Amino acid sequence: MQAFETYQTPLSSRYASKEMANLFSSAKRFSTWRMLWLNLAIAEKELGLPISDEAIEQMKNNLELTPEQFEIAAVEEKKRRHDVMAHVHTFGTVAPAAAGIIHLGATSCYVADNADLIFLRTGLTYLIRSLSVLISRLSAFAKEYRALPTLGFTHYQPAQLTTVGKRATLWIQELLWDLRNIKRAREDIGFRGVKGTTGTQASFLTLFDGDHEKVEALDKRVTQLSGFEYAYPKNRRRCPRALASLGATAHKIATDIRLLANLKEIEEPFESTQIGSSAMAYKRNPMRSERVCSLSRHLMVLHQNALMTSSVQWFERTLDDSANRRITLPEAFLTADIVLSTLQNVSEGLVVYPKVIARRIAQELPFMATENIIMAIVKKGGDRQEAHEKNTAAHQVKNLGLENDLIERVRGDAYFDPIKEQLDELLEPASFIGRRRNSESQGAIQSSEKVELNV
């Protein structure tokens with residue numbers, strides 16, 4: 001009952017995947033700190049510092065915190081007002097042989113910043129996997145509906161025809177760019193190494209009696225033990241900025257689906273027991289796409305928070321980023337995780353209504369066909385201006401609220417007798433989609449097929 005009496009973020013309690021929620025949990029954070037302390041001790045021992053095998057073994061055997069250790073750490077932090085030192089003390093209670101060498105030569109940013117880098121890289125790996133799956137699902141959808149004509153919109157006004165599949169390739173292309181950017185962000189993440197606040201490594205130089213080569217070897221060895229190929233040469237913090245772009249892409253895709261749902265052309269999946277509205281039983285609100293839009297806006301705004309925090313880091317360091325990072329980084333990754341999982345759910349169950357799409361095309365196609373009709377009659381000796389004046393139905397549709405009767409007028413007008421046998425051909429929807437079902441759509445689909453899912 002106690003869990004219901006305190007605030008919990010819905011990002012973790014309602015939406016996020018278990019693995020992403022675990023990645024930014026307290027248990028994961030503090031066990032990662034212990035792993036970093038272990039790696040430091042191993043490297044220091046290898047380079048000649050007097051650290052016993054027993055100390056290393058006790059540290060290895062106690063990387064995970066028990067509930068009792070969390071309680072001890074909470075008491076210590078309240079007393080010491082310092083979370084890192086509270087956990088140094090707590091770790092020492094279960095690894096007494098190592099109590100005197102835990103955190104030896106390091107500063108708080110050794111565990112705090114390096115742990116964040118580990119979380120960022122792992123989180124980006126999770127997102128790359130999820131994004132790859134989403135691209136794969138949308139690619140299958142685009143292939144299936146590559147030849148189904150649908151009304152295209154510019155300015156949200158009826159324009160030329162496209163295809164349902166071609167429209168999906170617009171989404172895929174944006175996601176492929178996001179995938180590229182996120183992969184680059186992950187590849188760019190290095191390790192902080194064993195550098196302190198100012199990055200001089202002066203304390204480690206003292207430990208090794210002024211031996212610069214040993215300090216360099218320590219930096220490389222801890223970096224290697226922690227699973228990184230290189231460490232930043234200077235004190236540096238990173239915040240992946242590619243997630244904001246992903247938020248913009250997701251918002252655009254979900255908005256398109258919401259608008260198509262209003263037109264009743266495409267719907268997101270709707271469960272048999274799902275309730276669309278508490279008041280209007282007939283409604284099928286696109287609630288998944290609405291959730292994506294809602295969270296995507298949050299994801300885009302978080303990027304501004306990171307930029308503002310980065311801009312006010314004075315000289316070598318200030319600490320006014322700490323509380324901000326504890327909120328912003330987990331929220332960014334949890335939000336991106338939820339956005340991708342929700343879009344995947346939507347993409348796997350999209351429902352297309354070809355007859356509704358065909359009806360809308362039939363309503364607008366006469367307007368689009370006027371140029372074809374005019375050109376055809378001119379080729380048969382007609383007058384372009386006269387034909388142009390005859391090809392209008394706007395008054396019928398807009399002022400009288402009636403159906404577009406332009407084609408019936410053309411069929412009933414003797415002026416167009418020379419081309420009446422061609423009308424069905426001139427009005428064939430497939431003739432209005434150009435190359436959209438062929439090579440023009442292939443680029444995004446083929447690129448999506450190259451996406452590596454095993455990341």
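A contact here means that heavy atoms lie within 4.5 Å of each other. With that in hand, let's work through some exercises on this predicted model.

**Exercise 1. The whole chain**

Task: Find what share of the contacts with a separation of 6 or more comes from residues 24 or more positions apart, and what share of the residues is buried.

Solution: Start with the elements, which are 19 helices and 4 strands. Next, take the contacts with a separation of 6 or more: residues 24 or more positions apart account for 76% of them. Finally, turn to burial, where buried residues make up 46% of the 455 residues in the protein.

**Exercise 2. A serine in a loop**

Task: Locate S226, decide whether S226 is buried or exposed, and list its polar partners.

Solution: 
- Step one is the location: S226 sits in the loop that runs between α10 (212-225) and α11 (242-262).
- Step two is burial. The cut-off for buried is under 20% relative accessible area. S226 has 10%, so S226 is buried.
- Step three is the polar surroundings. The side chain of S226 forms a polar contact of 3.1 Å with the side chain of N39. A polar atom of the S226 side chain also lies 2.9 Å from the backbone oxygen of V222.
- Step four widens the view: with neighbours within four places in sequence left aside, S226 touches L36, N39, R121 and F191.

**Exercise 3. α11 against α12**

Task: Work out how the axes of α11 and α12 are arranged and which classes of residue make the contact.

Solution: Two packed helices are described by the angle and the distance between their axes. The axes of α11 and α12 (residues 287-311) come within 8 Å and cross at roughly 155°. Angles over 145 degrees count as roughly antiparallel, which means that α11 is roughly antiparallel to α12. The crossing is left-handed. On the α11 side, the residues involved include L243, G247, H251 and R258, while α12 supplies among others S289, V292, C293 and H303. Sorted by class, the residues of this contact are 10 nonpolar, 6 polar and 3 charged.

**Exercise 4. α8 against α11**

Solution: α8 passes α11 in a left-handed crossing. Residues making the contact include R167, W171, E174 and D178 of α8, together with L246, K252, D256 and L260 of α11. The class count is 9 nonpolar, 3 polar and 5 charged residues.

Note on methods
Residues are numbered from 1 along each chain as its sequence is written. This is a predicted model: local features need pLDDT of at least 70, side-chain atom pairs count only at pLDDT 80 or more; totals for chains, interfaces and linings use all residues. Side-chain values use heavy atoms; hydrogens and water are left out. Helices (H or I, at least four residues) and strands (E, at least two) are DSSP runs, numbered from the N terminus. Buried means under 20% relative accessible area, exposed over 50%, partly exposed in between (1.4 Å probe, protein chains only). A polar contact is a pair of N or O atoms within 3.5 Å; within protein, one must be able to donate a hydrogen and the other to accept it, and residues adjacent in sequence count only if both atoms are side-chain atoms. Axes are lines fitted to C-alpha atoms, for helices over the stretch in contact, and angles run from 0 to 180 degrees between N-to-C directions. Angles under 35 degrees count as roughly parallel, over 145 as roughly antiparallel, 65 to 115 as roughly perpendicular and the rest as oblique. A crossing is left-handed if the near helix is turned anticlockwise from the far one by less than a right angle, and right-handed if clockwise. Ala, Val, Leu, Ile, Met, Phe, Trp, Tyr, Cys and Pro count as nonpolar, Asp, Glu, Lys and Arg as charged, and the others, Gly among them, as polar.
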